[in-house]
Amino acid sequence: MVVGAFPLFKLVSLAVKQISKPVANSLKSAAKQNEFFRRYVCVWPGQGYHWFETRVRMKLMGLSGPDKVQPLSEQVAVDVGAELLGESLIFGIATLTLYFEYRRGQKKEAKKEEEQNRKLTDLQNQIKELELTVDTNAAQIRELTRLVHSKQS
């Protein structure tokens, strides 16, 4: 959808990306204050992220690492989990926007290819009609030539 020469879809997708950041921030602050979010949505992803990050860092440094990773305090786990939640939301919205942009481009290309195929078919039909006309004219010319030769003899 283009209004003049300005791509409206790109403007809308940019607006969605920009709006997603404040929404993610408000979701993070709400998650920190709501007990359900704190306990079930923020704490375990925060602890899981801490465990995974600690394990990966130890492996990258070539250390065997501790058998058990010390858990974060609840407040720090909530902060990390809320941050993960917000970043996941932004990433998800950006991914969806890219997906819809890709699908829109595919539809545009398919429409363009369909139009080219239609034009090609029309040209092929016109060529066949012209061949038929040329064949008809050649037959008429042969018949007229035969008639002229028979009149001369």
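Student: Which residues make the nonpolar surface patch of about 450 Å²?

Tutor: Areas come from the Shrake-Rupley method with a 1.4 Å probe, and for residues only the protein chains shown count as cover. Here W51, F52, V56 and L60 form the patch. This is a predicted model, in which local features need pLDDT of at least 70, side-chain atom pairs count only at pLDDT 80 or more, and totals for chains, interfaces and linings use all residues. Residues are numbered from 1 along each chain as its sequence is written, and side-chain values use heavy atoms, without hydrogens and water.

Student: Why does V56 count as partly exposed?

Tutor: Buried means under 20% relative accessible area, exposed over 50%, and partly exposed in between (1.4 Å probe, protein chains only). V56 is partly exposed because its relative accessible area is 32%. V56 lies in helix α2; helices are DSSP runs (H or I, at least four residues), numbered from the N terminus.

Student: Which residues make up the largest nonpolar core?

Tutor: In soluble globular proteins, nonpolar side chains tend to be buried together. A core is a set of buried Ala, Val, Leu, Ile, Met, Phe, Trp, Tyr and Cys residues joined through side-chain atoms within 4.5 Å. The six residues here are A31, C42, V43, A77, V78 and A82.

Notes. Patches are made of residues with over 30% relative accessible area and no salt bridge: like charges are joined within 9 Å, nonpolar side chains (Val, Leu, Ile, Met, Phe, Trp, Tyr) within 5 Å. A salt bridge is a side-chain nitrogen of Lys or Arg within 4 Å of a carboxyl oxygen of Asp or Glu. Helices (H or I, at least four residues) and strands (E, at least two) are DSSP runs, numbered from the N terminus.
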